[in-house]
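Me: Could you take me through the contacts in this structure, one by one, with the criteria behind each value?

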Amino acid sequence: MRGPGRALPLLGLILLWEVLARATAQSFVIAAPTAIAAHLATHAELLLRALGTTAWNAAQGYLWGNLAGIALALAAVSAPRAERILSILALFVFCLPLVATGPVLRVLSGPGNAPQVALAALAVYYTTFLPVLVGLRAAPQSWFELVRSHGRGPLAALWLVRLPAALPYLAAGLQIAVPAAFLGAMVGEFTGAERGLGMLTLRALRGLDLPATWAIAVIAALVSGLAFHLAGRLARWLDPAPPALLPAAPAGARPLRLAGPLADTVLALAAGGLLWAGLMELFALPDFFAKRPGDVWAFLVTDAQAGAHRARLAAALGQTLAMAGPGYLAGLALGAGLAAGLTLRPGLAGLAMPLAVALRAVPIIATAPVLIWALGRGAAGTVTVVAVMIFFPTLVACLSGIARTPRAVLDLFDSHAAPGLQRLLWAQLPAILPAFFAAARMAVPAAILAVTTAEWLATGRGIGALMAVSAATSDYAMLWSATAATGLAALAAHGAVAWAERAVLSRHAAEQVAR
Amino acid sequence: MAERRGGPSSASGITAREAAPDILLQGVTRDFGAVAALAPIDLRITGGAVTALVGPSGCGKSTLLRLLAGLIPPSRGHILVGAETPDALRRRAGLAMAFQDAALLPWRSVRGNVALGRALARRPRDPRADEALIGLVGLAGFETWRPAELSGGMRQRAAIARALAAAPELLLLDEPFGAVDELTRERLNAELPPLWETAGATVILVTHSVTEAVRLSDRVLVMTPRPARIAADIPVPLPRPRAEALAATERFAGICAAVRAALRSAEPAAGPR
Ligand SMILES: Nc1ncnc2c1ncn2[C@@H]1O[C@H](COP(=O)(O)OP(=O)(O)O)[C@@H](O)[C@H]1O
Ligand SMILES: [Mg+2]
């Protein structure tokens, strides 16, 4: 569809939105497009300036985060023995809630935009690291043998085989990173910046300014979507048939054998602790806010009040997990379920895929205030934020998994005129499984991010709220403890998902586990 | 056994070298974990000659080639190419292998892949010679095509051109014509030998076609199922150049029959192994 034909559904959608907003005006939930437009028009200059700030922070974080992701992936392939430990460490840092890292970085760097940039980088590096690592390893054995057969070494293999092979994976990672960088910058601004869209969001939320909240979400979505589209153009220019992004599970973890991965995790955490303490000593950071691993240990174990500290932390973590768990499962189930359902109606899938891909470009967290507004500050709002955050990536992953069902297999089913349901269960579901699990793994840090941000912004419960209070009252021992505990919980959840993945895939899609 | 050939023609522009040294295998075995792929193999392969390896699938032909390429070490025994190990020959860019799966880099065109063979072997760029090689394997007009756009047979031919571009002393061809159609195969069987003859290279060729083995080689080695032994060593004392008409002669048919008989007696007894 081109021209007016393409704009028509959009116009209809906006009209519907307007009608809905006007009909529900009393409940004060949906801002009408006209109201949003009015707000945009009257505050154009302010919003533009804020957008400029946020976009600039996001762009810098995007650059640094992607560079870090690429460097990490290169380090991992060049030191295969350290690869798993490096991967676990990278995952652990990625699982640390941004709403906790934000205030810590704020204290470290003072005013300015360093924390926003750092948070944008933190939100980005892992989703670049994983696909690039896969890409660097994706080349078949014979390509390396070709290089070796002519007497050339690992450097030639890196330059001639690994790097070009990783390029399309990098392009895909760079695209995913666009909304993530935007999101990181905005969360950075939530945690005490003086400028930017995130700061305006906070102000709008506090002032109960409905059109402003919506206007900011719309701007963030549009700009990030545009940048996402441009990054996609770049990706297609690099490789007309980009690979489906299926970051593999941490390599080498055998199904139903825990000892290896567990030992690696312990090693990785020890390395992380050393790094943590070492960096603080290196930069001579003051004990007052830069708590060492030993301080956290004392706070939670040996201190006189340790019991009380633990109880407070455990209670908050319990509340958070009670929100994150259902939201996580709901998001996964809805995403996979909708993908499966759409497969039975291929026409609909063709419509849903572009929509889902487009929505993946939206920094979902920007819509969190709107969602919380709509559903209230209780459990429903938080669970929904988590579920929405997970739903779209899962849907996209599962749809592309289905699209990768081997043509020959489908032809076989079709040649027997197999009914759609049988085709789905026997041919397409096995193709979904790897994509589903990859999405489920990546959804763990996403859920942590969503739930802590919602708690920080709005609900006043759970670990996110505990972090907000600790940061505000300079209770840094609690802030560091809460951060570490959340990271560990996320790592454990991720490990459980990876374990389930290995167990299921080794039975249903053995070829996916080989690498 | 095989007569040495120093061909006078130099159509390809590759200059003749000193006669290539013999390859010597002594008690060579190779295991993969508990699987023994090669039984102890003792063998002398004549330098500058064409040796064909035939045998059932999975018997260890590719493994033997990779040993000769110095890509994997033998589990026991040793291999010498003249005075040096295959690994040393590999390191000084003295060999080239056309892999069973072609192993073309998908982001490079046919031309780019052929140029890669030259570059990997640390030879100076020579687009004209690359072009000639591409034409020789029948890919003229496809220079800018990517591997994904080529048929299986075309990919294998590009891989052969790439191996030739390295101007190797030892050329290892792993089922190079497996996916090539019958007519093209005939043409390549006629056009490739002059090329490696002038280069004076030692050629070791794995093939499933008995007639092709006899047509191209000076000697056919028949291998048994895993763990592979050399079950038969059949010389091919036919004059060169070998025209297509040769295949219709009684002598040719006799050698083919001998190879087939050796293959049959090397087959395992019926039933699962
Ligand atoms: N890298 C490897 N690891 C384990 N087994 C291998 C490996 N390479 C080859 N093999 C085994 O060695 C045997 C011979 O393989 P190969 O040399 O490829 O046979 P051919 O080329 O004659 O078909 C096969 O049983 C194969 O499974
Ligand atoms: Mg083989």
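Reply: To begin with the ligand, a backbone N or O atom of G60(B) lies 2.9 Å from an oxygen atom of ligand 1, where a polar contact is a pair of N or O atoms within 3.5 Å, and within protein one atom must be able to donate a hydrogen and the other to accept it, residues adjacent in sequence counting only if both atoms are side-chain atoms. This is a predicted model, in which local features need pLDDT of at least 70 and side-chain atom pairs count only at pLDDT 80 or more, while totals for chains, interfaces and linings use all residues. Residues are numbered from 1 along each chain as its sequence is written, chains are lettered from A and ligands numbered from 1 in the order in which they are written, and side-chain values use heavy atoms, with hydrogens and water left out.

Me: Which residue has a polar backbone atom 2.7 Å from an oxygen atom of ligand 1?

Reply: The surroundings of ligand 1 include S57(B), G58(B), C59(B), G60(B), K61(B), S62(B) and T63(B), as well as R226(B), a residue being near if one of its heavy atoms lies within 4 Å. Of these, K61(B) has a backbone N or O atom 2.8 Å from an oxygen atom of the ligand. The distance of 2.7 Å to a polar backbone atom belongs to G58(B).

Me: How much area do chain A and chain B bury between them?

Reply: The contact, meaning heavy atoms within 4.5 Å, takes 14 residues from chain A and 24 residues from chain B. Buried area is the accessible area (1.4 Å probe) that two parts lose on being put together, summed over both, and 61% of it here lies on carbon and sulfur atoms. W143(A), L146(A) and H150(A) supply 36% of the area that chain A buries against chain B. The area between the two chains is about 1700 Å².

Me: Which helix gives the largest share of the side of chain A that touches chain B?

Reply: Helices (H or I, at least four residues) and strands (E, at least two) are DSSP runs numbered from the N terminus. Between chain A and chain B there are 8 residue pairs in polar contact, both at pLDDT 80 or more, and α7 (141-149) and α8 of chain A each supply at least two residues of the side that touches chain B. The largest share, 7 residues, comes from α7(A).

Me: Which residue of chain B forms a salt bridge with E145(A)?

Reply: Side chains of opposite charge can pair when their charged atoms come close. A salt bridge is a side-chain nitrogen of Lys or Arg within 4 Å of a carboxyl oxygen of Asp or Glu, and the count between chain A and chain B is 1. With the closest N and O atoms 2.7 Å apart, the partner of E145(A) is R66(B).
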